[in-house]
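Here is a short briefing to read alongside the model. Take a moment with the sequence and the fold, and then let's walk through a few spots together.

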Amino acid sequence: MKDLAIIGSGPAGLSAALYAKRANLDVVVIEKEFLGTGQIAESAQVDNYLGLCGISGFDLGEKFRADAEHFGTEFLEGEAVSLEQKNGVWIITLQSGDVIEAKAVIYASGASHKRLNVSGEEKFIGKGVSYCAICDGALYRGKTAAVIGGGDTALDDALYLSDMAKKVYLIHRRNEFRGSDKSVLKIRSRENIEIITPANVTEIIGENRVSSIKLDNGREIILDGVFIAIGMSPASDLVRNIVDLDENGYIKADETGITKAAGLFCAGDVRTKKLRQVITAASDGANAAVSAAEYLKENS
Ligand SMILES: Cc1cc2nc3c(=O)[nH]c(=O)nc-3n(C[C@H](O)[C@H](O)[C@H](O)COP(=O)(O)OP(=O)(O)OC[C@H]3O[C@@H](n4cnc5c(N)ncnc54)[C@H](O)[C@@H]3O)c2cc1C
């Protein structure tokens, strides 16, 4: 039996592995993607991770994985499909049927951005289509961008981008925004934000990069980038009946990663938090590993 099993080898899981190995724990990391390093592998360039600004997301993930390997982390490729605790032992079943037993678990399964599912979206990810204004907004200084969505994230993204972009379109499928009235008021007062409602994007167009979008009202908008902010889906199904989730499906936990289930910790994008980024995921992993080490000590 392992001391600790970590589900997910994104920045949170890999950071947790590094801290856990340094605390002398017997650790296994379970990851469903071949040599996966999480969402960051999809990012063309990471400009906000301290000390490594400008690195590609793929290379950053590889560095994280190499660091976890350096301390002797064991990796197992496979998808965890069930998780239960019996007599104080956590039992993880993989899709292959293999079973892993561990005294504690860190659940670092991440989240994914919801897609618009329109033509051109997949093709232009990283080439004008982004799901993260804080990550990529600086690339649109003096340029034109659109934000798609009507919740708080979309409103915040539009405000954030309008501080640097020449022009921002905020496009929402309904007339009313779900986000806060305060943000809507701020948006209405910004001269470089144009609100277009109700409207749906039907196509994202370009050659090598995004150059325009088409709306279902027939309008075509010439622009440099599209920020899709229609929500995220946390990968929390596996623990739905074990821990508390908030209304959006995120695991309720503070930065210690402690959940209501003894010996089950969470880290990274899958937990309730303000900012979902590499730096906060890595920080979560470190904290959750320390929490797990303390739990193991108290329960040995
Ligand atoms: C396109 C893009 C660009 C981004 N750019 C930036 C940026 O520039 N700067 C920045 O700071 N952040 C950026 N982010 C956000 C950043 O990547 C995330 O905040 C971060 O990766 C979260 O780390 P995590 O470890 O919590 O989760 P993830 O990175 O999502 O990793 C979770 C891992 O768990 C695995 N997993 C899930 N369920 C299971 C299961 N049941 N069994 C086994 N494995 C499982 C997944 O395969 C995945 O590898 C970007 C995100 C995207 C999508």
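A polar contact here is a pair of N or O atoms within 3.5 Å. By that cut-off, an oxygen atom of the ligand sits 3.4 Å from a polar backbone atom of Gly38. Please keep in mind that this is a predicted model.

**Ligand surroundings**
- From Gln39, a polar side-chain atom lies 2.9 Å from an oxygen atom of the ligand.
- The ligand on its own exposes 1,000 Å², and the protein buries 94% of that.
- Two or more residues of the shell around the ligand come from each of α1, β2, β7 (111-113) and α6.
- The shell counts 32 residues, of which Glu31, Gln39, Asn48, Asp269 and Val278 come nearest.

**Helix α1**
- Of the 12 residues in α1, 10 are buried, including Pro11, Gly13, Leu14 and Lys21.
- Among the elements that cover these buried residues are β1 (2-7), β2 (27-31), α2 (57-70) and α6 (278-298).
- Just after α1, Asn24 adopts a positive phi of about 70°.

**A strand pair**
- Strands β12 (residues 201-206) and β13 (residues 210-215) pair in the antiparallel sense, with 5 bridges.
- Val201 has Leu215 of β13 as its bridge partner.
- A hairpin of 3 residues links β12 to β13.

Key
Residues are numbered from 1 along each chain as its sequence is written. This is a predicted model: local features need pLDDT of at least 70, side-chain atom pairs count only at pLDDT 80 or more; totals for chains, interfaces and linings use all residues. Side-chain values use heavy atoms; hydrogens and water are left out. Buried means under 20% relative accessible area, exposed over 50%, partly exposed in between (1.4 Å probe, protein chains only). Helices (H or I, at least four residues) and strands (E, at least two) are DSSP runs, numbered from the N terminus. Contact means heavy atoms within 4.5 Å. Two strands pair if DSSP finds at least two bridges between them. A residue is near a molecule or strand if one of its heavy atoms lies within 4 Å of it. A polar contact is a pair of N or O atoms within 3.5 Å; within protein, one must be able to donate a hydrogen and the other to accept it, and residues adjacent in sequence count only if both atoms are side-chain atoms. Accessible areas come from the Shrake-Rupley method with a 1.4 Å probe; for residues, only the protein chains shown count as cover.
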